[in-house]
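Hi,

Here is the structure I promised to pass on.

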Amino acid sequence: MDFDLIIVGGGLAGASLAAALQGTRYRIALVEARAPAFVEGWDSRVYAISPSCANFLRDIGIWQHLDPGRIAAVHSMSIRGDAGGELEFSSYDSGLSELAWIVESGRMQRELWETVKRQHNVTMLVGGTPEAITVDRGSVSLTLPGRKPIFGRLVVGADGVNSWVREQAGIDAEISPYGERGVVANFNCEKDHCNRAFQWFRDDGILALLPLPGRMVSMVWSCADDFADSLLALESGALCRRVADAAGGALGALDLITPAQAFPLRFMRVASVVKERIALVGDAAHAIHPLSGHGINLGFQDARALADVLRKLPAWRDPGEIAVLRGYARARAEEPFLVQYATHGLNRLFGSRNPLLAAVRNAGLNLTGRLPVVRNALVRYAVSGRF
């Protein structure tokens, strides 16, 4: 079977790339070990989608099909340091309709998956993990279990932080575990959140409560592995009290909706996002701390940038040429680098127990709050991905 693109990984980044190329001349194979499992209940894994990425999802026909009753807008954000530092963001003050949208991971995945399944230029190859990849001068072949090899001109690794494609391509990756996990859960809350997101930098980690529809919030508590274990071991009532106390009663009493889960946090930077006939997108290309909320947005921006490069190619150009792929690499050189090291630096800054650094970081929050130009620049970046 011959294709133009072989996308390995049917997650959010890979599926959005395929959806962004609907209606084009490209013949696409989407390779996924197993079809996503969908549940009807509330998903404890949610994402803060920037307005820029919401527009991308709208352009590829996804956003308008999501249930608006399962999405919450973020109109303001309150950040608290560990020694009196405060910072407030408001969409109204910045002349925006919203700062972000909170969307369940499973809902986005379902809509993307179903959209791609309907595409005439996509062949879904589900049910096996690739076994080998061979790059020749004019093509690349992929060996799948129980199938004949498939051939293409470009393989896109969208297969996560432990990317098989990246490893097979020999692209070096610097992976540094934080020794932390993100503990997630959803709660009903006593007080109305008023579409405000909260974030506390605490001695025991970084706690975020994100608005969901009605009086519900989604929690992400980024914390050391042993503290994460202690949270996961709590029965539901004790966990609710622990989170409510950590939030200083900002939302009153909490009632658990979804069981707590946890996922490991890692910093990862790759030597290059491209190689001859290989391109990386999403978590295969970069992994960041969740405190900025930008991880999934970086993946969508990767998909949009690569799709833009491919859409503009004349029919005679080979999409796997390194000269073509370097255009994608240049387009994605700045934003992931800035976001990765900004969030890495903030995590290290607030993770230090040095009293001098505590004074500096909290003074920085207060100073930023008193400088509207700086504060609004940060908001513009969060919304558009660029200053």
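The axes of helices α2 (residues 51–59) and α7 come within 10 Å and cross at roughly 45° (axes are lines fitted to C-alpha atoms over the stretch in contact, with angles from 0 to 180 degrees between N-to-C directions). That makes α2 oblique to α7, meaning the angle is not under 35 degrees (roughly parallel), over 145 (roughly antiparallel) or 65 to 115 (roughly perpendicular). Ser52, Cys53, Phe56 and Leu57 of α2 meet Asn297, Phe300, Gln301, Ala303 and Arg304 of α7, where contact means heavy atoms within 4.5 Å.

Bear in mind that this is a predicted model: local features need pLDDT of at least 70 and side-chain atom pairs count only at pLDDT 80 or more, while totals for chains, interfaces and linings use all residues. Residues are numbered from 1 along each chain as its sequence is written, and side-chain values use heavy atoms, leaving out hydrogens and water.

Phe300 turns up again in the largest nonpolar core: of its 74 residues, Ile49 and Phe300 touch the most other members. Such a core is a set of buried Ala, Val, Leu, Ile, Met, Phe, Trp, Tyr and Cys residues joined through side-chain atoms within 4.5 Å, with buried meaning under 20% relative accessible area (1.4 Å probe, protein chains only). Helix α7 (residues 295–311) supplies the largest share of this core, 8 residues; helices here are DSSP runs of H or I, at least four residues, and strands are E runs of at least two, numbered from the N terminus. Among the residues Phe300 touches are Leu12, Ile49 and Met108.

Cheers

How values were computed. Buried < 20%, exposed > 50% of the residue type's maximum accessible area, 1.4 Å probe, protein only. Lists of a residue's contacts leave out its neighbours within four places in sequence.
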